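Please read them with the structure open beside you.

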Amino acid sequence: MDAEAAKLIGAGLAAIPLAGAGVGLGLIFGNFLSGAFRNPSAAATNQPTMLLAFALTEFTGLLGFAIAMIILYTF
Amino acid sequence: MIDFRAAGGPMEQFEILPIVPIRIGGIDLSFTNSALWMLIGVAAIALFFFFATRRRALVPGRTQSVAEVLHEFISDLVRDTIGTEGRKFFPYVFTLFIFILIANLFGLFPSIPGLPHELHTFTTTSHVIVTLGLAMTTITIVVAYGVWKHGWKFLKLFAPSGLPLWLMFILVPIEIISFLSRPLSLAIRLFANMLAGHIILKLFAGFVISLLGAGGVVMALSIAPFAGAVAVMLLEFLVAALQAYVFAILTCIYLSDAAHAGDH
């Protein structure tokens, strides 16, 4: 196979982590909302924790993006 | 290396160009567009806080209220995560938050048409060297403060107390890897968010141009990518503020780890 074609396929495959990050983010926001509707008075105090979990989950997806950039621009 | 300008694609906006070329002993110390936009950001922040605190009133005016809201927001964040001990870190976290926020937001300004390429709008936080610099500063402060406060007990951060010995052999390497990945995760999160957002904006803008260039009935279709660009722009404002907040809160949590390393 052509090296350039293999590179592009690899960069495309590096987008797969988006699936995991999407599922994770959905779980975080969904569970936060279901908890917040049960006890709205406690929702505000837990918002920083929710955003922190969002940031940590998002990072796994962004690692895929970083790998795609490395494949495309450094080899 | 790929020539982004020749490509003219969505990566062109991230090219670092020298404005005042300076070379000292074979080292490139040019004043670049990245440095220019950092200076513009810092100047804007300094000017804003100068005017906000010039006439201090008990009942604040408009600029003073904005400064007070920002101050109170970070002050609460630092107190809630680190505790009263965190008072001395407030200036650092506040500076970090405002700098990242302004750098992210200024990158969203449209460029003035007709200016040379090196004076176009530039997002400094879309470069990993800038964000890694900020992240390494944070981690250096965390390690220095932890060692200064706890001495060798700072290493307790890697060994949670009350665990059986055999579990330590598994957990200590995991804790060390997790600690070492902190600066990387801080840097890559901010840089990748900014980079991805700006690439998507440029892609949508490119679709509008190419559809308008097609002529005829197809031109009417260009409204769809234009609406997409507007939606992505709104999302980018949210992301710009959210990423500054996330960087600040993670800095606070790491500082809190260092401050309370010997407690548990």
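This is a predicted model: local features need pLDDT of at least 70, side-chain atom pairs count only at pLDDT 80 or more; totals for chains, interfaces and linings use all residues.

1. Residues are numbered from 1 along each chain as its sequence is written, and chains are lettered from A, with ligands numbered from 1, in the order in which they are written.

2. Chain A holds three helices and zero strands, in the order α-α-α from the N terminus; helices here are DSSP runs of H or I with at least four residues, strands are runs of E with at least two, and both are numbered from the N terminus.

3. The C-alpha trace of chain A spans about 60 × 15 × 10 Å along its principal axes. Of the 75 residues in chain A, 11% are buried, that is, have 20 or more other C-beta atoms within 10 Å of their own, against 12 or fewer for exposed and a number in between for partly exposed, with C-beta atoms placed from the backbone.

4. Between the chains, 11 residues of chain A are in contact with nine residues of chain B, contact being C-beta atoms, placed from the backbone, within 7 Å. The chain A side has 10 nonpolar, no polar and one charged residues (Ala, Val, Leu, Ile, Met, Phe, Trp, Tyr, Cys and Pro count as nonpolar, Asp, Glu, Lys and Arg as charged, and the others, Gly among them, as polar).

5. In chain B, B:L70, B:I74, B:S75 and B:V78 of α3(B) meet B:F90, B:V93, B:F94, B:F97 and B:I98 of α4(B). By class, this contact has eight nonpolar, one polar and no charged residues.

6. B:T121 lies in the loop between α4 (90-106) and α5 (128-150) of chain B. Because 17 other C-beta atoms lie within 10 Å, B:T121 is partly exposed. Leaving aside neighbours within four places in sequence, B:T121 is in contact with B:G107, B:F109, B:P110 and B:S111. The C-alpha atoms of B:T121 and B:Q13 are separated by 8.1 Å, although these residues are 108 residues apart along the chain.

Methods: Two residues are in contact if their C-beta atoms, placed from the backbone, lie within 7 Å.
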